[in-house]
Amino acid sequence: MRYQAPLKDMLFAMQDLAGLSTVTALPGMEDYGQDTAQAVLEESAKFCEGVVAPLNWEGDKNPSSWKDRVVTTTPGFKEAFAQFAEGGWQGVIHPTEFGGQGLPKLVATPCAEMLHAASLSFALCPMLTDGAIEALLVAGSDELKNKFAAKLISGEWTGTMNLTEPQAGSDLAAVRARAEPQADGTYKVFGTKIFITYGEHDMTGNIVHLVLARVPGAPEGVKGISLFVVPKFLVNDDGSLGARNDAWCVSIEHKLGIKASPTAVLQFGDNGGAVGYLVGEENRGLEYMFIMMNAARFAVGMQGIAVADRAYQKAVTFARERVQSRDLAGSDGPVAIIHHPDVKRMLLTMRAHVEGARALAYVAAAISDVAHHAAEPAERASNQAVYEFLVPVVKGFSTEMSIEMASLGVQVHGGMGFIEETGAAQHYRDARILTIYEGTTAIQANDIVGRKTLRDKGVVAKALCGRIAMTEKDLAAHNDADCTAMRLALSQGRAALEESIDFILANGKSDAKAVYAGAVHYLKLAGLVLCGWQMARAMMIAQDRMAEDPAFFNAKVVTARFYADAVLPQAGALAQSIRQAGASTNRMSVDLF
Amino acid sequence: MKILVAVKRVVDYNVKVRVKSDQTGVETANVKMSMNPFDEIAVEEAVLLKEKGVATEIVAVSCGVSQCQETLRTAMAIGADRAILVECNEELQPLAVAKLLQSLVAREQPAMVILGKQAIDDDCNQTGQMLAALARLPQVTFASKLDVADGMATVAREVDGGSETLQVTLPAVVTVDLRLNEPRYVTLPNIMKAKKKPLETLTPAALGVDVAPRLKTLKVSEPPVRSAGIKVPDVATLVAKLRTEAKVI
């Protein structure tokens, strides 16, 4: 089914909500104004719609396959990746110093959203390569950067992130892969890594694995992990490919979704040891990973928004065509199901969640740009703190909602939704991984409770609530029925969030188990309210600009109103659960299950 | 060899157009606009000629509102070297555009002018032909294959009966058809480079061209809604109905 990048909404979110003009006013960002952003998004859309989207179904029907340690990707993926690389799209956000385009994150984010929406499986390769590039640029030596960064950025090679092992998923302290120092400064790496996305494939000449491993004598736990570059093929000083390294794909997984993405088990060192190069300093591997992880988690949040939007577009198309049952208001014969209130409710729910989550994510992307490029260190630091608070929200909330929205997408299709060939089922299956990888929802929740709320005593969280309160004042000034309804819903939502922050601060130390039992609901509450906040801002702007584009802005106002009426009321329930459910969770002893 | 390529900003081919309620035309407010698809093929052909070493400079031209600059930037992102916008807020019909292009041909002296065979908004298929007549240049239309050598262009044309190959001396006007090439996807680096390429803005007055429309649109309406078919008892009834009701024979 055809995908159409929702350029109007993306440009609206970028310009009006996230503040593109603020970003382009930053030092070094002057070239990326409205005209450029629009041109970039339009060409990105053409590529994603024309080249990538048609491969999505093919990827599901004809996934990657493994034979004799070699992986063959879905027919068409290799050519599409070559076009992607040629188009310069891998380098969107990376420094011009290494051949990237250096675009602001705010402009790169819609491009990523479109690519994910076109095909989640295909887009995973560039996404993981981004992670490898970031890790190298953050911590790698000049020698490593010069050898590997440019070819990763150009798309000539791809990259992988190797953290997980059979006994170490959420708990990276349990990583056992080891790296033995050699006389020439390199290391020999041994171990097994699992769930390695695009760990092996046939699309490029080399694959650059970033691997977490322990050096002998390293401290226990997370403080003893180092980061290594382990290329599939060694690279000579002149840049040419050398010997095949001792890193082999022993199998790929047979999965529920994102089937075309080869999920590899990689065996390092079965034949004497894989040559690895230390990134940065020994024992600081996890620290480097965490710097890169913000970008990776944000990217997965974008995947959620993307697949939810893809599912929504498909559901709307179906609902317009499928004719069943008379209109409740009376009709001569049966009507298209889009006329029925329950179908409208489902579609509006999908639309409201996608638009709200997109708005929040783009706002976060702009904050990240300010955090990187603002002249004043204090401004950079304060924006970075807000961005870091929003990252688990964008990841956790957008992904959880994407599964629900993809499920609604199937529901709108009725029986046909359950039939694979219709295509709705694929979005539902593809979405299911999003709450699991790159840190499960619980891990995001632990992060937002532990690191992002308790650690600074709720300062950033409360400051965001303060900004929501300012928006409520703006709503009060608008004074029409829609803004009034939104103001009431938003203030109740904010109150629920503030109450929950207080609960966490009060009980975080004394009853940690009760607090963490409610952590996921706290994450969902934060997402619900913060996305509602953006929809409130969108409502007012849409009202002010109504005459410019009545169809678009009217839809925006009504969608925002629906968010206020039907989505925000969940806030109170979540707050209650956060406060209450910890006790019974604690009470249920393990042997009673 | 210099090539002039004309590009038009039109309603995007994906958009389901609606007629304005006052029936004066099609609704274009807030509707997605793009480069005319045939013009993309024209720009692509010019760029291919440059990559082959045949052309040395590609100048993209567009006539219309100031937003046509976006279309010209796209042309430059595909590979045009510079662009000219003839800015005009009034309706521009093919004859007016042909006259504007004629004055630019006189100014730029290109060896070839390449245009899309028609625009998807008006489907006129006139501008290239009128330009050739006004500028006294040979013309080859509906090109599906183009070779340039020794000051001549050898062009295969799509015609009703199949394909016809003509040869013309340069300078000449060529209009392009669907099968000539497949336009490339624009790369991100080229989008950024295009921002720095020169874009000159002129006006019809500055070129001394009278662009007043010669045709007046009286009414634009949607095609009639398709009604149910009927069965006829015999051929005589069929013929009668075609004559008196459908009025097609």
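Colleague: Where is Gln23(B) found in this predicted model?

Modeller: Gln23(B) sits in the loop between strand 2 (9-11) and strand 3 (33-35) of chain B.

Colleague: What makes Gln23(B) count as exposed?

Modeller: Gln23(B) has 12 C-beta neighbours inside 10 Å. The cut-off for exposed is 12 or fewer. Gln23(B) therefore counts as exposed.

Colleague: Which residue of chain A has a positive phi although it is not a glycine?

Modeller: Asp68(A), with a phi of about 50°. Asp68(A) lies in the loop between strand 1 (65-67) and strand 2 of chain A, and strand 2 covers 70-72.

Colleague: Why is Asp68(A) called exposed?

Modeller: Asp68(A) has 5 C-beta neighbours inside 10 Å. Exposed means 12 or fewer, so Asp68(A) counts as exposed.

Colleague: Now Asn125(B). Why is Asn125(B) called partly exposed?

Modeller: Asn125(B) has 16 other C-beta atoms within 10 Å. Buried needs 20 or more, and exposed needs 12 or fewer. The value 16 falls in between, so Asn125(B) is partly exposed.

Colleague: Where is Asn125(B), and what does Asn125(B) touch?

Modeller: Asn125(B) is in the loop between strand 6 (112-116) and helix 4 (127-135) of chain B. Leaving out residues up to four places away in sequence, Asn125(B) touches Lys117(B) and Gln118(B). Thr175(B) is 50 residues from Asn125(B) in sequence, with a C-alpha to C-alpha distance of 9.1 Å.

Colleague: How do you know that the peptide bond from Leu170(B) to Pro171(B) is cis?

Modeller: Omega of that bond is near 5°. Most peptide bonds are trans. Pro171(B) is in the loop between strand 9 (162-169) and strand 10 (172-176) of chain B.

Colleague: What makes helix 2 of chain B largely enclosed by the rest of the structure?

Modeller: Helix 2 spans residues 68-78 of chain B, and 9 of its 11 residues are buried, so the helix is largely enclosed. The buried residues are Cys68(B), Thr71(B), Leu72(B), Arg73(B), Thr74(B), Ala75(B), Met76(B), Ala77(B) and Ile78(B). Each therefore meets the cut-off of 20 or more other C-beta atoms within 10 Å. Just after helix 2, Gly79(B) takes a positive phi of about 150°.

Colleague: What share of chain B is buried, and how many helices and strands does chain B have?

Modeller: Buried residues make up 40% of the 249 residues in chain B. Chain B has 6 helices and 11 strands. Its C-alpha trace spans about 65 × 40 × 40 Å along the principal axes. Take contacts in chain B between residues at least 6 apart in sequence: 69% of them join residues at least 24 apart.

Colleague: Over to chain A. Why is helix 16 of chain A called roughly parallel to helix 20 of chain A?

Modeller: Helix 16 (residues 481-507) and helix 20 (residues 570-587) of chain A pack at an angle of about 10°. Angles under 35 degrees count as roughly parallel, so helix 16 of chain A is roughly parallel to helix 20 of chain A. Their axes are 8 Å apart. The crossing of helix 16 of chain A past helix 20 of chain A is left-handed.

Colleague: Which residues of helix 16 and helix 20 of chain A meet?

Modeller: Helix 16 of chain A brings Gln492(A), Gly493(A), Ala496(A), Leu497(A), Glu499(A), Ser500(A) and Phe503(A). Helix 20 of chain A brings Ala571(A), Gly572(A), Leu574(A), Ala575(A), Ile578(A) and Arg579(A). By class, the contact has 7 nonpolar, 4 polar and 2 charged residues.

Colleague: How many residues are in contact between domain 1 and domain 2 of chain A?

Modeller: 31 residues of domain 1 are in contact with 28 residues of domain 2 of chain A. Helix 7 of chain A gives the largest share of the domain 1 side, 13 residues. That side divides into 18 nonpolar, 9 polar and 4 charged residues.

Colleague: Which helix of chain A gives the most to the side that touches chain B?

Modeller: In the contact between the chains, 18 residues of chain A meet 11 residues of chain B. Helix 3 of chain A gives the most to the chain A side, with 7 residues. The chain A side divides into 8 nonpolar, 5 polar and 5 charged residues.

Definitions and conventions
Residues numbered from 1 in each chain as written. Chains lettered and ligands numbered in written order. Predicted model: local features only at pLDDT ≥ 70, side-chain atom pairs only at ≥ 80, totals over all residues. Helix = DSSP H or I, 4+ residues; strand = E, 2+ residues; numbered from the N terminus. Contact = placed C-beta atoms within 7 Å. Nonpolar A, V, L, I, M, F, W, Y, C, P; charged D, E, K, R; others polar. Axes fitted to C-alpha atoms, helices over the stretch in contact; angles between N-to-C directions. Parallel < 35°, antiparallel > 145°, perpendicular 65-115°, else oblique. Left-handed = near helix turned anticlockwise from the far one by under 90°.
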